[in-house]
Amino acid sequence: MHCQRSSVLNRPRTSHLLAQALLAATAVLAADPSSAQDSADPSPVLIVDPAAAISFNGRGWGHGVGMSQWGARARSEAGHSAAEILGFYYEGANLVENYGRPDPAPSTSPNPAQTPGAEAIPTTADGSPRVLLATTGSTVLTPEGLNRITVENQNIPVGSEDAARPPAGTPVSFSRHQDRWHISYNGADLCPGGCAGQTAQLHFATGTAVAVSTTGRSYSHGRINLVAVAGDPSRFHITVDSLTIAKFLDDPHNDPGGSQGAAEPAEGSVQILLATAQATTLTPEGLNRITVDDADIPHAGQGLVRAPAGSPIAVTRVDGLWRIQFGSADVCGSGCAGETVQLHFATGTSVAVSSTGRSYSHGRINLVAVAGDPSRFHITVDSLTIAEFLDDPHGALPAAAPGLPTTPAPDVPPAPAHAEDSIGIHLSTTTSTTLIPQGANRITIDGQGEIRVAPGTPVTFVRHVGHWHVRYNGADACGSGCAGRTAQLHFATGTSVRVSNTGRSYSHGRINLVPTGGDPGQFYVIVDSLPMERYLRGIAETPMDWPLAAHQAQAIAARSYATATLRERRASDSWGRPFDLYASTWDQAYAGDTREKHADAATWLQAVESTAGQVLFHGGAPIRAFYSSSNGGQTERSGYVFATDLPYLSAKPDPLDAHQDNPNASWSRSYTAAEFNGWLNDHPDTAVGHLIGMAVDGGAGASGRLDKARIRITGTSRTVTVTGSRLRARIHTAARESGRPVLLSTLFSFTVPAASVAWSPGGAIEPPVPADAPDDARLYSGVVDGPDFCLNSSLGGPATYPLDNDKDGVADVCSLRSTRRVAVAHQKTIEELAFLEQAIFIARFAEECRSVPDTFGEPDKEAEDECQQYRDFPVNSPGGSASPNGAAGAQTSRADAGEDHYVEDERLFFSGIINGRDFCVNFSLGGPITYAYDSDLDGVADICALPRTRRAAVARQRALEHLATASEKLEALYQPLFMLNCRSGPATLGEAAKEAEDACEPHIRSGAI
């Protein structure tokens, strides 16, 4: 299974008998005594032929609790509605609207509802900036260079040519009549009888320009797009689209020919949605005017309404009517009819908006009634130019003149009225990230700052000793460091930001970088300020081409799971993380734009939109709507797989899971007995020597799953009993590391060939030695004078022995098989490998946590146990990650499950000398993050406190040791790193006169790397 190990770890082994005895002693002490028995009889026995195949036959992919995604697809194709699908999988749960809240559900539409009767500003498919030039019934466009005319982006054949390309300088007439386009130039009509379609385009070459007769101006970037006005068969909007911000700034409403008297561009070139509310308070700091549907409101004998500067204006909407009050004035009396309210304010002043806690100094505040809801409205800033927007994106702190109100410091967004209104999604834990904003943006530290970069500019964030470094274009905007806790990247609505750690882009919310509180250089990358419905648009859990009802069921299940999870976490004192959900199968696969902006995402987005706010409830609370890719024809009750029985997650047959296209309805895996032996013997809790037989001793679930079943494994050194989930996890990790197919679920049976090959100690088949077990001492301990000092996972493990050097009755030396300098160099090396390959390390750490007995160490004296999250619950994520089709969601089984991340500075070393000057310091027991303690007051320190339990420390060290041979890449890296660490380590570490031959010495003498 493993490649040839490096010479540093290839030391002579003990005799076979001694190795077998040490293996048995280690395994027995590490395992539950009730589940293991020694095999002391050295007489020949029959074992399973190492070349024989052990077969596993299984069904389904995932934990099998709750909804089967393949079953949901089959039911939708059989005509079941989303409600019927959910009713089958979540018995007794009720489908409620709007998260169970009394206020109306939000819309998932990317833009606020348009005012009835008002002309909508056309948008472009890619969300790039667009400018409305005019609305008309006809226009003449004169391209100055190479060009092409299309309708609905389709070419118009002319003569023998496949596309209409007028000669440079040719005026082209466009008009619209009875919903058809009429296009002509040089006396030729391109559309005899009219061209059907909603849009017409004039594409033109970069560096040339197009003159537009309706504005009297020319435009040299983007594309001229003519968009039919809804409900009017003879009018269309003239827009410039497909612009970048930089191009727009370089050529806004440009007139290369110096035309005079040209019409001003229409208002509303940029509109920003700030919030959706039932009430808000607007406080203008200067001259202002209030209108309804852009019409003045007569009040108190005046033809219009102006509020005094600094006066808060309360605006509410009740039963379809506006209420507007300031001071003692009630502007609307019994209510103003209309769809929009506007607050116009003087240039150079600003308006504070209570719903966001921020001030805005450009444009106009526009309140737009939510379609179909008589009591809610969108709050927007509109009538902005791009230049104004760049100066004040998202209404964040304006570069205001002295005396103008600004957002309070620090710039903390107001708490959302409901948990689902603003959620945070964990993308990555890292020490560096590069963000690439595709549009207008602003970078802040703790909400303060005015760092802006051009669209498309990569910006790298690094944190060091409490300071941020923000680097772009070869310079650090922070110089010697920006002080502050969190860094934020605010970006313009409709644009996106690419995140290097995930390789994906995100177009909603804000990117927030928050220190983890552990390693001073480590931080979380989070998408926050994200409404639930925006989050769901980026969920990638089911294939794009599945039926609508299946997508709707998935959307409701995902919304229910997320709602229940984030509410529980926010109410929990133990959660404590600055985000609500993980973007991985720890919770649900959130892919951002990869999902939302996919060419085939229409059905999924329709499912999210059509089910907006719908959540499954049971007993007055949203349900943990677990789901998996495939249940193999039988759901399982939650209490068998997870920790708690939930009444709506029961075991029942699900024959429709066996969809004809379901590749995982049934599966089979085969491994050689030699492979299987190696995987078992790699861990003390399953090390049995050569396999003799394996059988299920009962405990299977109602579905036939083996999560909690007792599996008895008999070998030449002993017999152990493990759970099915432990066995499956063990095979899963080892098979994946070996490039072999994994077990997809715990719904499996196995066939082990009969024992047929004779084995005896010293025979042709040698007794097994764990493939990764180094001859070096490899584990450390807290208590050093207890019964396990110098053996079984104490200082150095079975390769060391105790010595009472000063004859005081307390053992003070554990001899190692190598010098302490070598031990330190080796430890540094495997720590560095863990930092390079965090995913491999974390997966192995989880496996080792399941191996170390619960009784290991002294729990009443130890810190919180990192291992517990891996020990309490099985690994249920299909394949450990989302499937290519995203069918692996809601896999975690506890509200506070979080990822374990390797921190480079947590370097834990073991020692030989225990009472010397460097005991508990400088790479002794635990390194500098431990302290010495003399528990029995005998003058000799006997405890080194670790920042984790001994069980977690042992599992972590075993995982580190595994990395030396975990892959060809890591094995190749080990030797040069070891050489470097030998050279960089102190030559005097330890007591050379008392130590073994120093393996570092040849590397130090040669100086070769």
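Where is the place of Glu152, in the loop between which strands? Glu152 sits in the loop that links β8 (147-151) and β9 (154-155). Keep in mind that this is a predicted model. Glu152 is not a glycine, and still has a positive phi of about 55°.

Asp293 gives us another case to look at. This residue, again something other than glycine, has a positive phi near 50°. You'll find Asp293 in the loop between β21 (288-292) and β22 (295-296). With a relative accessible area of 38%, Asp293 is partly exposed.

## Three disulfides

How many disulfides does the structure hold? There are three. As a quick reminder, a disulfide is a covalent bond between the sulfur atoms of two cysteines.

Start with Cys191 and Cys195, whose sulfur atoms are 1.9 Å apart in their disulfide. The link of Cys191 and Cys195 is left-handed, with -90° about the S-S bond. Both Cys191 and Cys195 are buried.

Next come Cys332 and Cys336, a disulfide with 2.0 Å between the sulfur atoms. Why is the disulfide of Cys332 and Cys336 left-handed? Because the torsion about its S-S bond is about -100°. Cys332 is buried, and Cys336 is too. The remaining link runs from Cys478 to Cys482, with an S to S distance of 1.9 Å. The torsion about the S-S bond of Cys478 and Cys482 is about -100°, so this disulfide is left-handed. Cys478 and Cys482 are buried as well.

Now for a strand with several neighbors.

On the way into β24 comes strand β23 (residues 313-318), which runs antiparallel to β24 and is joined to it by six bridges. Here Val318 stands opposite Leu321 of β24. The hairpin of β23 and β24 has two residues between the strands, and Asp319 there takes a positive phi near 50°.

β24 also pairs with β25 (residues 329-330), antiparallel and through two bridges. In that pairing, Gln325 stands opposite Asp330 of β25. Two residues lie between the strands of the β24 and β25 hairpin, where Gly327 has a positive phi near 55°. Then there's β26 (residues 336-337), which runs antiparallel to β24 and is joined to it by two bridges. Trp322 has Cys336 as its bridge partner in β26, and Cys336 is the cysteine that forms a disulfide with Cys332. So much for β24; the next stop is another sheet.

## An open sheet with a helix across it

What is the order of the strands in the open sheet of three? Reading across, the order is β49-β3-β53, with antiparallel pairing. β49 (667-672) and β53 (748-751) are the edge strands, each pairing on one side only. From one strand to the next, the twist averages 20°.

Zoom in on strand β3 (residues 53-58): six bridges join it to β49, and the two run antiparallel. Gly58 has Trp667 as its bridge partner in β49. Helix α11 (residues 673-681) lies across β3 and β49, and runs at about 85° to β49.

Last up is helix α12 (residues 724-737). How many of the 14 residues of α12 are buried? Twelve are, so α12 is mostly covered, buried here meaning under 20% relative accessible area.

The buried set of α12 includes Arg726, Arg728, Arg730 and His732, along with Leu727, Ile731 and Ala729. Gly724, Ser725 and Thr733 are also among the buried residues. After α12 comes Gly739, which has a positive phi near 75°.

Technical notes: Residues numbered from 1 in each chain as written. Predicted model: local features only at pLDDT ≥ 70, side-chain atom pairs only at ≥ 80, totals over all residues. Heavy atoms only, no water. Disulfide = S-S within 2.5 Å. Buried < 20%, exposed > 50% of the residue type's maximum accessible area, 1.4 Å probe, protein only. Pairing = 2+ DSSP bridges. Helix = DSSP H or I, 4+ residues; strand = E, 2+ residues; numbered from the N terminus. Axes fitted to C-alpha atoms, helices over the stretch in contact; angles between N-to-C directions. Contact = heavy atoms within 4.5 Å.
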